[in-house]
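Visitor: I would like to know what the words used for a protein model rest on. Please take me through them one at a time.

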Amino acid sequence: MDFAIEVPGAATPLSFPELCRALESASSHDTNRRQSATQQLEAWESSPDYYPTLHAAFLDKSLPRDVRLLAIIQLKNGINKRWRHSFDASKPTIPPAGKQAIRERLFQGTIGEEDRQLAMQNTLVVAKLVRIDYPNAWSDPLTKIIAIIRATKDGNQAELSGALKILLHIVKELGTARLRKSQTALQYVTPELVYLLAEIYDAKTSEWIASLSHGGEGGDRVLLAMENSHEALKTLRRLLLLGYENPHQDDTVRRVWGLTQMHFAQFLAFVDSDAPNVAPYADIIGKHLLKFAKLHIEMAREYPASFASLPNSLDLVRAYWDLVAKFAQIFNNSSGIRQENLAGESKSKTEGPLVERLALQGLLLVRACIKLVHQPKQTIRYRPQDSLQEQRDAIATVKANVFTDDFVTQMANVIISHFFAFRQADLDAWNEEPQEWEQQEETQGNAYEWEVRPCAERLFLDLVIHHSDLLVEPLLSYFSLARGPQADLAIKEAVYTAMGLAAPIVCDKVDFGEMVRTTIAADAQQAGQWCQILRRRIAILLSQWVPVKMDNKTRPLVYEIFRHFLNSRDGCNDIVVRITAARQLKSVVDEIEFQEALFVPFAADIFTELIGLLQQVDIDETKLAILETTRCLVQRMDTQVHHLSDMVMDTLPAIWQSAGDQNTMLKQSVLAIMQALVVSLKTEWQRYHVRIVPLIIEATQENTEIYLYLIDEVLELWRSALTQTTPPLPSDLLHLARIAIRGLELQNEHVSEYVELVGDYIVLAPEALLEDQLREPTLSSLAGCLRSGSRDLVKAAAANASIYLQLSHKLGGVTGLQVVVRDMMKTGLLPHIFEVLHTHHEASIDGDDRRIVQTPVLCDYFEVLSHIAVLDPGTFAELLTSLDPPDRVWDWLSAEWLLIATRYTADISNKLTLLALTRLLEPQVMQDLVLQKMREYFKMWVFVMSEILDNDDHPGSDLLVYAGEPERQDWDTVKDERLKILEWYSPARTTQSLAFVRERLQGLVQRVGGEEVFRANWGARIGDDWDKFQQLDVHWRQRTTGGGS
């Protein structure tokens, strides 16, 4: 190939030799050469022949390996960027001719390629392109690969290996594709593939089984046969699970299923034989066994009816359990399963004895069968009745023939007796790296698919939950072993493990409090050899039982046990015991019936030990757990924590400094403890003002690292501190109001927190926020929230605006209110409200649902207007007359305002609206406008007052009026108290609505010439609502004169 193509903007035209030189330079260790070559390759990417030339370079075996590897990697990356059609003109896609050129020679890069890494990279490219192009743009890749496999299955085994690898990755890609066409295409070709692969698998396994059975050494030929049988098996497993709706109905599947069972026994015998000729192949034989197990487990999970119907499946479950029971005898001496991350590998490699890994698969299979019986797989897809009946029959078959009483009891006994034992490998790891072992054990609980003991614990819990009637009594008998004098450490470890797991099921059958007092407390005091193991288990046991069932008589003893385990002066409490106790203490105190008074006698010692333990721990995750326990203690002790707060606060700065610049999670935990301490101490937190407020000031400086990572926690701490501060606010805390207003103006992701903070400042420091320098910024930020479109934000901003109006009137009278209303107009807050209400009114008339405003938003906006009218109707009248023209504005505004008051069952907002509209009867300038709406006014008065007036004990009395003084609750913050007082003495809570309306109406009637003139001019327009109102008025007269009803 000899061509040269000029690439726009490139210094060198694209050609095969130039590309090879660029690839060689890009693989160089020289930084300058590598950077220059990389830029050249990027410049060539837009060339239509770049990717076909890359593929040609990869296929040229005369080139250096590094050049070929970089070429195929560049091609693989280019497929992600330029294979599919793109609407971005700056990134043109590979033309069809180029794609076809690549596809024609794709298989060549894997089949016959001796370098496994290069072959694998090419295989990934093949699979990716099949997923994208098959079957529309590339119709025959599967036909071609099937033909290659048929041609090589009895010929060149190396080429067969390459073809099988390609097929495996194609099946992987199509099996994970979400598009229905890919799934359908795979299912269409599955029967042919399964038949072919079953032939290959059977032939290759027969070949190497015969060789090993006769004592032959085998050599490379046997190894290659093993690899090919393994590749075929991997693909078969995926096809059996992805390619059929009902696998058990296919004869080939049933034959393969039978082969897996037969070969499982044969291969296991090979591994157990320890024959010299087998040893070199033990690893790949084990891989076969694990693939069998994976197929069996996934078939039980995904196709329960098929699993039960396939040949000998139920016997297979019992055979797996026999393997598990056999392994249980040597579990104590097993070294365990490990997950090792290898350099250059994307997935971790599982290491450990094969028998243990197979036993784990057996436990998983039994768990899958339990789920099959008790939690059948659900689907939203339609399934015919016969399919549903088949699944029900399968469940009944498994339940009757597998989970017999004897089998269930045997499994429970094996698990408790052997898998709950503390084995030597764990003890060695404890002694060698105690902190690392403790951390691993803590996270291992979620690794039940990778570790035997966690899986055994989950299986035991499944058995106890679903077979409680059978197992509870034997368990209770087993628990009694812990009380006997003959019970050694191993027995107690197993008993306490089982007891902790079964706590929710047996809690009503066991007096655990009595057991703590008589047995567990004594065990906690043991000081013999390996007593640390028992102490650790007791801490875990108590954390499992206390949240389920614990009497107050025993709780102090439990706290005493934890204090004992945390005692650093006790030589039996090594670092593992103390860390475990610190972790588990969180569950003990964070339960619903916790009483701080019972914990107080132990609090000082426990806090001291937790803080001391933090200084000795090296692993960050463990430090976070201890800090979380500390935070929980602070939170649950509530106000009782005050005598320990100095100790806690003195420790936090050192922890903060130890975290450095990188460990933000540790700093988050410190801030969480501070926040919990502020909430618990209430107003007493202010004695730590000099430590907390500077931290908040530092963290709120934008573009700093602490702001970037910790602003969420700092905002929560800021709010907690602010709402618990007694006015007048300190100057530095008051200075933060500017930052809160600025944050609200920015409308960033923290806007919800900032709108709450601004509301807090309005309540706690109204004098400051009403001053000239802060008033406009405050109202401007609230106006921005109203325009945001967020329902929650609009609600919060409208509520803050209403409170701002009330406090302006309270502190500055009518003049103060007028100043705020003027600035609300200036900042656009009130114009926005009027604009939204007007748009809604027009949309309602036109029937334009797109512009209709939600009713809750209307209520929020009218509440702001109502507060202005209630506080001073003259100010509202001036506001209305400033609008152009005022009569037309009043026409649509009053229509919506009166309508909103009668739309829903009356509450405090309806009453506020009633008071506001009624007060507008007072100004002379509003008289003519109000009289035009008299009918709507009477309708509104009757509707609202008929809901809020008492018709029983005190006829005519307003049910929404508060009596007496506001009651303070223990959980009230300073802000809560201020808001409660503000509401308690607000007009809506102090005004008798009927008397209020009657007085304003009489004033209006007198101004228009008396009742006769009023009724003559407006009575007919009012209609029968006049009589309804008069009936309400009768109730009021009877109440004021002391008459009966």
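Guide: What follows sets values from this model against the definitions behind the words.

Guide: This is a predicted model, in which local features need pLDDT of at least 70 and side-chain atom pairs count only at pLDDT 80 or more, while totals for chains, interfaces and linings use all residues. Residues are numbered from 1 along each chain as its sequence is written, and side-chain values use heavy atoms, with hydrogens and water left out.

Visitor: How many helices and strands are in the protein chain?
Guide: The protein chain has 50 helices and two strands. Helices (H or I, at least four residues) and strands (E, at least two) are DSSP runs, numbered from the N terminus.

Visitor: Why is the protein chain called more spread out than a compact globule?
Guide: Its radius of gyration is 39 Å, well over the 31 Å that the globule rule gives for 1045 residues, so the chain is more spread out than a compact globule. The radius is taken over C-alpha atoms, and the rule is 2.2 Å times the number of residues to the power 0.38. Along the principal axes, the C-alpha atoms of the chain fill a box of roughly 125 × 90 × 65 Å.

Visitor: Why is S781 called buried?
Guide: Buried means under 20% relative accessible area, exposed over 50%, and partly exposed in between (1.4 Å probe, protein chains only). S781 has 1% relative accessibility, so it counts as buried. The residue is found in helix α37, residues 772–786.

Visitor: What does the side chain of S781 reach?
Guide: The side chain of S781 reaches the backbone oxygen of T778 at 2.7 Å. A polar contact is a pair of N or O atoms within 3.5 Å; within protein, one must be able to donate a hydrogen and the other to accept it, and residues adjacent in sequence count only if both atoms are side-chain atoms.

Visitor: Which residues is S781 in contact with, leaving aside its neighbours within four places in sequence?
Guide: Contact means heavy atoms within 4.5 Å. With those neighbours left aside, S781 is in contact with I741, L744, E745 and Q747.

Visitor: Is T190 buried or exposed?
Guide: T190 has a relative accessible area of 0%, so it is buried. It lies in helix α9, residues 180–213. Beyond its neighbours within four places in sequence, T190 is in contact with L239, G243 and Y244.

Visitor: What makes R888 count as exposed?
Guide: R888 has 61% relative accessibility, so it counts as exposed. Its place is in helix α42, residues 886–901. The C-alpha atoms of R888 and L929 are 9.7 Å apart, with the two residues 41 apart along the chain.

Visitor: Where is N312, and what is its phi?
Guide: N312 is in the loop between α13 (304–309) and α14 (313–328). Its phi is near 60°, a positive value in a residue other than glycine.

Visitor: How do you know that F422 and I533 are buried?
Guide: F422 has 15% relative accessibility, so it counts as buried. I533 has 5%, so it counts as buried too. F422 is in the loop between α17 (405–419) and α18 (424–432), whereas I533 is in helix α25, residues 531–545. Beyond neighbours within four places in sequence, the contacts of F422 include I533, W430 and E493, and those of I533 include F422, W430 and E493. F422 and E493 are 71 residues apart in sequence and 7.1 Å apart in space, C-alpha to C-alpha.

Visitor: What is the omega of the peptide bond from Y134 to P135?
Guide: That bond is cis, with omega near 0°. P135 lies in the loop between α6 (116–133) and α7 (141–152). A cis peptide bond also joins P727 and P728, with omega about 0°, and P728 is in the loop between α33 (705–723) and α34 (731–746).
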